[in-house]
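Please open the structure in a viewer and keep the sequence beside it.

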Amino acid sequence: EKTRNVLVRTQSNRYNIENRQPSAPPRSSYSIKMTSPSDRLLSRQKSSSQFDLIRNKKRSSQKLPSTSSASPSTSPADGTGLARRCLSDSVVGKTHRMSFPRTNAAFSLVQRSGAPLIREVTSSIRTKTASDFPPNNEVNTLATCATDPFYKVVISSSGGIRATVEAMEKFKGHDDIQAAGCGVLGSLCLRNGSNQTLIQQQGGLAAILEAMRMYPLSIAVQSSACDALMNLTYQNASNLCQLKETDDAVALIQHALQRFLPPSCRESASSVLESILE
């Protein structure tokens, strides 16, 4: 009886397997859509065109600053505003074209400058020097800004030269102030004849030489001082004559050349020494 039941089950299972209907493929949560390269290119162009439309709408909605106070200028068709547009592009750069009008270079320069901040830094140097507090950060800030042609004018007109010289004279025991002060004076008189004269009149040359005497082993002070002497005496006969009249100027520069100075500072020291010995 058991054998008979097993045969019946086997036959019924075989019949079900042979006569069953093909089942549908299992459903997945996502489907992979095969596309040709041309279809992908068309979809990419469509998405880029939509992005351009959105970007143009954003640009058109932005409001540019008013240029009513600017000098009379300049439609793009007439060519008179070419120099002004070029100056604006060189000042603000490509990333700020939406922030400033391209035809208003003066407005761009004002936004670029930190003239009020420079005046505050100069005033802080005077205040700290008068209260016997070393203005390390302020002098370093002037040394950084003095390399810019616009800030050279701002620093010299706001009394930054005299404030720096006073700080160097007051805090002779701070080598960082001496190095930064030499950097300020050297950057201000680089290719600037008026600043050369102002620095010489306000005691800048004597302050630089005193810093070289105080810190003969400091590479930072010696290198900044050599660069400052080079910029201060370049094509300036009055400053060079005053440097020649200093007794130990040659010895100070020769001693600086024995230090491990950067190549540019070594060239500056050699050039000043040759000018003195002529």
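Which residues of the largest nonpolar core touch the most other members? Select Ile208, Met212, Leu229 and Leu243: of the 52 residues in that core, these four touch the most other members. A nonpolar core here is a set of buried Ala, Val, Leu, Ile, Met, Phe, Trp, Tyr and Cys residues joined through side-chain atoms within 4.5 Å. Helix H12 (residues 219-233) gives the most to this core, with 7 residues. In soluble globular proteins, nonpolar side chains tend to be buried together.

The model is predicted: local features need pLDDT of at least 70 and side-chain atom pairs count only at pLDDT 80 or more, while totals for chains, interfaces and linings use all residues. Residues are numbered from 1 along each chain as its sequence is written, and side-chain values use heavy atoms, with hydrogens and water left out.

**The whole chain**

Of the 278 residues, 34% are buried, where buried means under 20% relative accessible area, exposed over 50% and partly exposed in between (1.4 Å probe, protein chains only).

**Helix H12**

Next, select residues 219-233, helix H12. Of the 15 residues in H12, 12 are buried, so this helix is largely enclosed by the rest of the structure. The buried residues include Val221, Cys226 and Met230. Around them, show helices H9 (175-188), H10 (193-201), H11 (204-214), H13 (237-245), H14 (249-257) and H15 (263-277), against which the buried residues of H12 pack. After H12 comes Gln235, whose phi is positive, near 55°.

**Helix H7**

Move to Ser156, in helix H7 (residues 149-157). The side chain of Ser156 reaches the backbone oxygen of Lys152 at 3.0 Å. Leaving aside neighbours within four places in sequence, Ser156 is in contact with Ile161 and Asn195. The C-alpha atoms of Ser156 and Ser194 are 9.4 Å apart, although 38 residues separate the two along the chain.

**The aromatic pair**

Finally, select Phe150 and Tyr151. The structure holds 1 aromatic pair: Phe150 and Tyr151, 5.9 Å centre to centre with 70° between the planes, are edge-to-face. Rings of Phe, Tyr and Trp (its six-membered ring) pair if their centres lie within 6.5 Å; planes under 30 degrees apart count as stacked, over 60 as edge-to-face and the rest as tilted. Phe150 is partly exposed, at 30% relative accessible area, whereas Tyr151 is buried, at 16%.

Notes. Helix = DSSP H or I, 4+ residues; strand = E, 2+ residues; numbered from the N terminus. Contact = heavy atoms within 4.5 Å. Polar contact = N/O pair within 3.5 Å; in protein donor to acceptor, adjacent residues only side chain to side chain.
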